[in-house]
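Open the model in your viewer and have the selection tool ready. The tour below goes stop by stop.

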Amino acid sequence: MSHAPHDARMFKVLSGVLGKSVEEVARLAERQEPHGESFWDSLQHINIILGLEAEFGIRFELLEAVDLKTVPLIRAKLAVLVR
Amino acid sequence: MHEIFTELDQDGSINAYQWAANRLSEGGGWGGRPLSIALLSSFVVNPYLPTLTVEAARFGFEARCWVAPFDNVIQELIDPSSATVRGGYDVALIMRTLHAACPPLATRFLDLASHEVDRLIAEHVAELVMALRRFRELTATVVIVHGFALPAHPLLGILEGSVEGSQTEAIRRLNAALSRDVRAIPGVQYLDYDRVCARVGHANSQDDKWWYMARAPLSARLMPELAREQAIFFHALWGRVRKCLVLDLDNTLWGGVIGEDGMAGIALGHTGLGLVFREFQETVLALHRRGVLLAIASKNNFDDAFAVLRDHPEMLLRPDRFAAMRIDWRPKPENMVEIARELNIGVDSLVFWDDSPQERLWMRAACPEVLTPELPTDPMLYSERLRRLGVFDKLSLTSEDLNRGEMYRDQARRDHLRGSVDSLEAFYHGLAMRVTIQPAEEMTFARVLDLIHKTNQFNLTTRRHDAQTLRGLLADPACGVFAMRVADKFGDNGLVGVAIVRHAGELVELDTLLMSCRVIGRTVERALLAHLVAWSRQRGATRMEADFIPTAKNQPVARFLPEHGFTEMSRNGSSSRWACDLTTVSLTWPDYIERGMA
């Protein structure tokens, strides 16, 4: 499992929205390619992005929010936005 | 449930709502009153559902939400075969933007002549009223219709509020017509959506990103406010609307403790903390004026507290505002049962408002039917919390409501019936108290002296030893001067008790025993006495003697000696001398209090 600095908080948000355990989310995330398939649907996507904004106190721009469909992409964006 | 909402309210973020929703759905539900909700909207509402579910749960409802096909509001209402009609929902929420409901008013308002604006408003209202009448013929589903929000950015800029025929004015007229006409249909309610938006700010109520991305405009800030407003409607429709607000006094209606600070010392007035409590009283009075009964449950000497209600120049809530009063030293849950009986309403009609977390915990354990809201520690926030409570809200206001307070006062009966509270022990256990008793020393000297001089209520002898005398007692090997600290799961109360004993041969004399009013009613005095008994026995004493010297304020300690194995030996005026046989008396440390270490 990756140990990127914001993983724990990111997985907590994903876990809340998807109704899966943090461990399961982390497992699914590990298998995910940067530009692969989402393991959430489009409505869950809104809540994930909303949740990440609230958790990290950040705002994604519209196009970022549309594009952040996988854990590796979210992780990379958080590394930039969150100090 | 209480725990879930306490955590939620500390955080309040969209994630906290998501987690709370998940916890509520664990194990297939939590057993609330089932409520099926159909959401008919002109935008995507799915991200809103967890928040709505949680706020509905706050008011006792286990919500099951169903989202009607996107932007099909009128069709869903009038088509007998629509899923909304056939679904047999308890309630349908009609949530539309002005863009969807009446596009010209939203998008080309400045092109419209005033008669066209009038026509559009009339047509929109007539169409919706027709559809709602049809819907109500087809179903028993209650409908809550949202009004429209005023624009965050008015079309005429700074002139918007100054000219006739502005878009703002048109939307206000549209809302007024909607409110009037839809509420005339049985089973249809109107929700003032603009006011909900105004609470978070119009500019904060829509999230453009979600609008452009997913046609989901409700912002994270707005969602909890809107959900709460809707849930208050659910509560007014199907919940137990509360009738009576039962208030504590010290640090609730005024700042400070009347028994300690006196009339001149409490905070109630026009500046600082005094203003906070005065404005809280205004909030309470406003509730009262719309029909909510008021009562008092306070641990105080009646005369002290009543004098404030009657005579304090800044008091707004005079005695005649209260339909029932219990100002004594009995457990508050017993008094709540009595208040309900006296007013001839159910215990489940009461709301208990008390600054003490211990009293609230006790009330929730002993009287779960009473609503005991968690209060902020900062009294400045009391008014807002009370205004937002929502449990007194009703769907209509009658002239009877406006006179209710007087009706109840007129028929107030005094059949004092003692309700029993079995869970005292459980309450004490739940507090997880820790009591530390140590000989007073230099570090604690100032606080001990302060308590000796300040404590009025729980003070057996009210002997105000001066600093020199106290130093003498500390230095005397025959004397024990003890300081008691009390902590519980809510925090550390600090050094709150003092006892002074003097040993001579077979006899130990209890010179002083006092405790701050902060910890009265939690039996820590028994721990203090048990400690003194152990100290005396260790020194070979067989007898303890104590005076009770009554004052105007120390009623709370009047029964202390007889309740702890002392028998009266003699009287001298109003004072009395008591003794207890240390060889036989059973005075043990309460098993629910942990012994603290130095």
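Predicted model: local features only at pLDDT ≥ 70, side-chain atom pairs only at ≥ 80, totals over all residues.

**Stop 1: the largest core.** Select B:Val246, B:Leu294, B:Ala295 and B:Met336. These residues have the most contacts inside the largest nonpolar core, which has 95 residues. Domain 2 (244–426) and domain 3 (432–595) of chain B both contribute residues to this core, so it lies between them.

**Stop 2: around B:Val246.** Center on B:Val246 and show its contacts. Leaving out residues up to four places away in sequence, B:Val246 touches B:Ala295, B:Ala297, B:Met336 and B:Ile339, and also B:Leu350, B:Val351, B:Phe352 and B:Trp353.

**Stop 3: another core.** Now select A:Ile46, A:Ile49, B:Leu35 and B:Ala68. They are among the residues of a second, separate core of 93 residues.

**Stop 4: strand β15 of chain B.** Select residues 543–548 of chain B, which form strand β15. Which residues make up the covered face? They are B:Met544, B:Ala546 and B:Phe548. The uncovered face holds B:Arg543, B:Glu545 and B:Asp547.

**Stop 5: the parallel partner.** Strands β14(B) and β15(B) are paired in the parallel sense over 4 bridges. B:Glu545 is the bridge partner of B:Glu509. To follow the chain from β14(B) to β15(B), trace helix α24 of chain B (residues 524–538); this β-α-β crossover is right-handed.

**Stop 6: the antiparallel partner.** Finish with β17(B), residues 575–581. This strand runs antiparallel to β15(B), and 6 bridges join the two. Here B:Asp581 is the bridge partner of B:Arg543.

Terms used:
Residues numbered from 1 in each chain as written. Chains lettered and ligands numbered in written order. Core = buried A, V, L, I, M, F, W, Y, C linked by C-beta atoms within 7 Å. Buried ≥ 20, exposed ≤ 12 C-beta atoms within 10 Å, placed from the backbone. Domains from an automatic or database assignment. Contact = placed C-beta atoms within 7 Å. Pairing = 2+ DSSP bridges. Right-handed = clockwise from strand over helix to strand, strands pointing away.
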